[in-house]
Amino acid sequence: MKPEWQEWASQAKAEFPQANSALMPLMHRIQLVEGWLSDETIQDIADLMGVTVQYVESVASFYSLFHREPVGKRVIHVCVGLSCALAGSDELMHNLEKRLHIKEGQTTADGAYTLLEAECLAACDKAPMTQIDLRFVGPIRPEDVDTLLNKEVPS
Amino acid sequence: MTQHYLLRNRDVQDIDQFDVYEANGGYAAMKQAFETFKPEELVAMVKKSGLRGRGGAGFPTGMKWGFLPKDGRSRYLVVNSDEAEPGTFKDRELIEENPHQLIEGIIISSYATEASEAYIYCRGEFRRGAEQLKRAVKEAYDHGYLGTNILGTGFSLELKVYRGAGAYICGEESALLESLEGKRGNPRLKPPFPAVAGLYGGPTVVNNVETICNLPPLVTYGAEWYTSMGTDKSPGLKIMSVSGRVKRPGNYEIPLGTPLRTLIEEYAGGLLPGHTVKAVIPGGSSVPLLMPDQLDTPLDYESIVKAGSMLGSGGCIVLDEQVCIVGATARLVKFYREESCGKCTPCREGTYWMTDVLDRVEMGKGEPRDLEVLADVADNIAGKCFCPLGDASLGVLVSALKHFRHEFEAHVAEHTCPMGARLYDTVNH
């Protein structure tokens, strides 16, 4: 457990009438720094929140944005919703897989990228849409894989 | 160019900044509400305006507010910003580009419903949206528009931004409340409805972002202004998100009752050159298809139901003659498979089964009986699920089987996609 987590937990709990509501804000805050939620982190969060480790795990496993495996330095989401699919999202995903030598759901060997599919990202006017670290980058045409990979986004 | 009332960010540059928002009339409606309305008068005004929930269900907002029991318990207002219905992207624009408008709407709505605590449940994927909201909320606090005894009125309001973490089901109001309480986003049994037992068991109003964004102009211009637009039962303005095979995809603010054809041809610039409409999903991925001979359907709640579909969230996806209906349907049903919370069997298993069959048919590996299997599974989901998600997975599928049965049959008979769809083994597995 990092020393500052105690403070973060207290801050989150103070925000809500019932402390349990602080769980997800705390998970978000820790994951933003750690990149993912390891078994050890889940245990730490359970201790900080005064709930069981199973409870934290049940919440973490419900939501797709909580990572229970290590992720790359940059997490790429490719929207594969219908509007993006009509604009070539599947070909974009295919090209990214070839370029990064991984399959969807995997992380490159050098730890640079994790490639994930996203359900509709609510940006259908700019299809095909992607996100890097949850920041919108798009539209990205299937042939513009390098534009996406080289894109700078605020941390 | 017509004036925008909800999408004012289109007319005023940098309106997401506090100073710009206020210099352009921002927070004047809030002050006017405090000065000229008692809370119950505001509720009456919203009832009179006929404003209906813009998240998808179209339930009258004033009536929803009126369900709050008058038992002295403290009330909560929760704003649903968990926009994730495929084809819908209006709330994202509203919170990213004009967060103060939403905050002003929240203050007015909380004053009307006598809520002392409000939450914005912001979709986890909206990182910038959450940042914009958090900054704007802080600015509103700094200017005394949030907090204790706002502008000396005696009315106090605490507003917090809460981030989801990737779960479409949390757009369902009771699942959203579970999530806000730090739990898995499984829907609750209703009744009791949130008005009686919502957040932390207290009386709670859950409203969509666009609904709440109607409040500042409603206070400024009045209920009569609102009912002067649209139809008797569907008055006012609606933001339609248009995407798919059109020239100018985007959000368009229209008076309700505007024909679908006008939205597609005039607002969205028509189809891509040389193409024709095959079908339209008019109100988000959960609603049945409308056919080319129905393009003159007025976009209001009643007319679309009469035409066999729903206005829903206003996510309008336009499909042209090149689009494979089987592939499009497979993609949408797969969405519901991914997003089913797994709590009840028909939805959890049914969406898996239907996706499997649809993929098989799309890849040319279907059998004649697969069409019967699809219809049978759909029938075993319809009306048999704990929450609306299961039924939502059927809207496009059932109407596609009805209108495009020949296309499904051709996939099976020809052992390939007759539309020549390029298939990749990347997505869907």
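This is a predicted model: local features need pLDDT of at least 70, side-chain atom pairs count only at pLDDT 80 or more; totals for chains, interfaces and linings use all residues.
1. R99(A) has a salt-bridge partner in D146(A), with the closest N and O atoms 2.8 Å apart. That pair ties together distant parts of the chain: D146(A) sits in helix α7 of chain A and R99(A) in helix α6 of chain A, 47 residues apart. D146(A) is partly exposed too, with a relative accessible area of 37%.

2. For contrast, have a look at K238(B) and E210(B) in chain B. They form a salt bridge whose closest N and O atoms are 2.8 Å apart. Here again distant parts of the chain are linked, K238(B) being in strand β5 (residues 237–244) and E210(B) in helix α9 (residues 209–213) of chain B, 28 residues apart. K238(B) is buried at a relative accessible area of 0%, and E210(B) is buried with 0% relative accessibility.

3. On to the interface. Chain A puts 48 residues in contact with 62 residues of chain B. The area buried between chain A and chain B comes to about 4,300 Å², and carbon and sulfur atoms give 56% of that. I also get 27 residue pairs in polar contact between chain A and chain B, counting pairs with both residues at pLDDT 80 or more.

4. Which elements of chain A supply at least two residues each to the side that touches chain B? They are α2 (23–34), α4 (53–62), α5 (82–86), α6 (89–100) and β4 (135–137). Of these, α6(A) gives the most, with six residues. By type, the residues on this side of chain A split into 24 nonpolar, 13 polar and eleven charged.

5. Salt bridges next. The whole structure has 45 of them over all chains, and five lie across the interface of chain A and chain B. One to check by eye is D90(A) with R331(B), where the closest N and O atoms are 2.6 Å apart. D90(A) belongs to helix α6 of chain A and R331(B) to helix α14 (residues 325–339) of chain B, so this pair joins two chains. Both D90(A) and R331(B) are buried. Another is K334(B) with E119(A), at 2.9 Å between the closest N and O atoms. There is also a network: salt bridges that share partners join D125(A), K126(A), R92(B), E96(B), E97(B) and R128(B).

6. R123(B) is in the loop between β2 (115–122) and α7 (127–142) of chain B. Is it buried or exposed? R123(B) is buried, at a relative accessible area of 5%. Leaving aside neighbours within four places in sequence, its contacts in chain A are E119(A), C120(A), L121(A) and A122(A), and those in chain B are S81(B), D82(B), E83(B), A84(B) and G164(B).

7. Now for strand β1 (residues 74–79) of chain A. Six of its six residues are buried, so the strand is largely enclosed by the rest of the structure. R74(A), I76(A) and V78(A) point one way, while V75(A), H77(A) and C79(A) point the other. β1(A) runs parallel to strand β2 (residues 113–118) of chain A, joined by six bridges, and V78(A) has E117(A) as its bridge partner there. With strand β3 (residues 130–132) of chain A, β1(A) pairs in the antiparallel sense over three bridges; I76(A) is partnered by I132(A).

8. Some backbone details to look over. G138(A) and P139(A) are joined by a cis peptide bond with omega about 0 degrees, and P139(A) lies in the loop between β4 and α7 (145–149) of chain A. A cis peptide bond also joins P191(B) and P192(B), with omega about 5 degrees. P192(B) is in the loop between α8 (173–180) and β4 (204–208) of chain B.

9. Y200(B) is found in that loop between α8 and β4 of chain B as well. Its phi is positive, near 50 degrees, in a residue other than glycine, and Y200(B) is buried at 16% relative accessible area. D14(B), also not a glycine, has a positive phi of about 60 degrees. D14(B) sits in the segment before α1 (18–23) of chain B and counts as partly exposed at 46% relative accessibility.

How values were computed. Residues are numbered from 1 along each chain as its sequence is written. Chains are lettered from A and ligands numbered from 1 in the order in which they are written. Side-chain values use heavy atoms; hydrogens and water are left out. Contact means heavy atoms within 4.5 Å. Buried area is the accessible area (1.4 Å probe) that two parts lose on being put together, summed over both. A salt bridge is a side-chain nitrogen of Lys or Arg within 4 Å of a carboxyl oxygen of Asp or Glu. A polar contact is a pair of N or O atoms within 3.5 Å; within protein, one must be able to donate a hydrogen and the other to accept it, and residues adjacent in sequence count only if both atoms are side-chain atoms. Helices (H or I, at least four residues) and strands (E, at least two) are DSSP runs, numbered from the N terminus. Ala, Val, Leu, Ile, Met, Phe, Trp, Tyr, Cys and Pro count as nonpolar, Asp, Glu, Lys and Arg as charged, and the others, Gly among them, as polar. Buried means under 20% relative accessible area, exposed over 50%, partly exposed in between (1.4 Å probe, protein chains only). Two strands pair if DSSP finds at least two bridges between them.
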